[in-house]
Amino acid sequence: MARAAAAQTAVVAMVAAAILLSAANAAASCEQVSSAFGGCVRYIRGKGPLLPGCCDDVRSFANSLTSTDDRRAACSCAKNIVGQAREINAGNFLGLPRMCGIPSFTVILGSC
């Protein structure tokens, strides 16, 4: 149980760091990226199934990315999150949009 709490704390710290790394005037903030993927944490860690609510949140976020600046900012934040996290399965994280049926968002996360 203590190990799970420590892992959860590590993810929260990683998300906070990603938020701090985002540009203050970025079109899509790292906070928005973290929030969009927040319901997917167990799946992203490889510790649970992909839940429908997770896909709903990611899809809603992907639909909010209307400009090139939005997409670049989201991509940058996603890369920071994956690069800083020890508890994240990068394949699950980057493949999440494809698993949720959002192919355009898969391209955004996979090619930035």
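Let's start with P52, which is exposed, with a relative accessible area of 60%. Exposed here means over 50% relative accessible area, buried means under 20%, and partly exposed is in between, using a 1.4 Å probe and protein chains only. P52 sits in helix α4. Helices are DSSP runs of H or I with at least four residues, strands are runs of E with at least two, and both are numbered from the N terminus. The C-alpha atoms of P52 and C40 are 9.4 Å apart, and these two residues are twelve apart along the chain.

A quick word on what we are looking at. This is a predicted model, where local features need pLDDT of at least 70 and side-chain atom pairs count only at pLDDT 80 or more, while totals for chains, interfaces and linings use all residues. Residues are numbered from 1 along each chain as its sequence is written, and side-chain values use heavy atoms, with hydrogens and water left out.

Now, the cysteines. A disulfide is a covalent bond between the sulfur atoms of two cysteines. In this model a pair counts when the sulfur atoms are within 2.5 Å, and the structure holds three of them.

C40 and C54 form a disulfide with the sulfur atoms 1.9 Å apart. The torsion about the S-S bond is about 105 degrees, so this disulfide is right-handed. C40 lies in the loop between α2 and α3 and C54 in helix α4, so the pair ties together parts that are 14 residues apart in sequence. Are these two cysteines buried or exposed? Both C40 and C54 are buried.

C55 lies in helix α4 and C100 in the loop between α6 and α7 (103-110), so parts that are 45 residues apart in sequence are tied together. C55 counts as buried at 9% relative accessibility, and C100 is buried too, at 6%.

The remaining disulfide joins C30 to C77, S to S 2.0 Å. With -90 degrees about the S-S bond, the link of C30 and C77 is left-handed. It connects distant parts of the chain: C30 is in helix α2 and C77 in helix α5, 47 residues apart. C30 counts as buried at 0% relative accessibility, and C77 is buried at 3%.

On to how α2 and α4 pack. Two packed helices are described by the angle between their axes and the distance between the axes. Axes here are lines fitted to C-alpha atoms, for helices over the stretch in contact, and angles run from 0 to 180 degrees between N-to-C directions. So how do α2 and α4 cross? Their axes come within 7 Å and cross at roughly 150 degrees. The two helices are therefore roughly antiparallel to each other; that label covers angles over 145 degrees, with under 35 roughly parallel, 65 to 115 roughly perpendicular and the rest oblique.

With contact meaning heavy atoms within 4.5 Å, Q32, V33, A36 and F37 in α2 meet C54, D57, V58 and F61 in α4.

Finally, the largest nonpolar core has 25 residues. Such a core is a set of buried Ala, Val, Leu, Ile, Met, Phe, Trp, Tyr and Cys residues joined through side-chain atoms within 4.5 Å. Among the residues with the most contacts inside it are V33, F37, V58 and F61.
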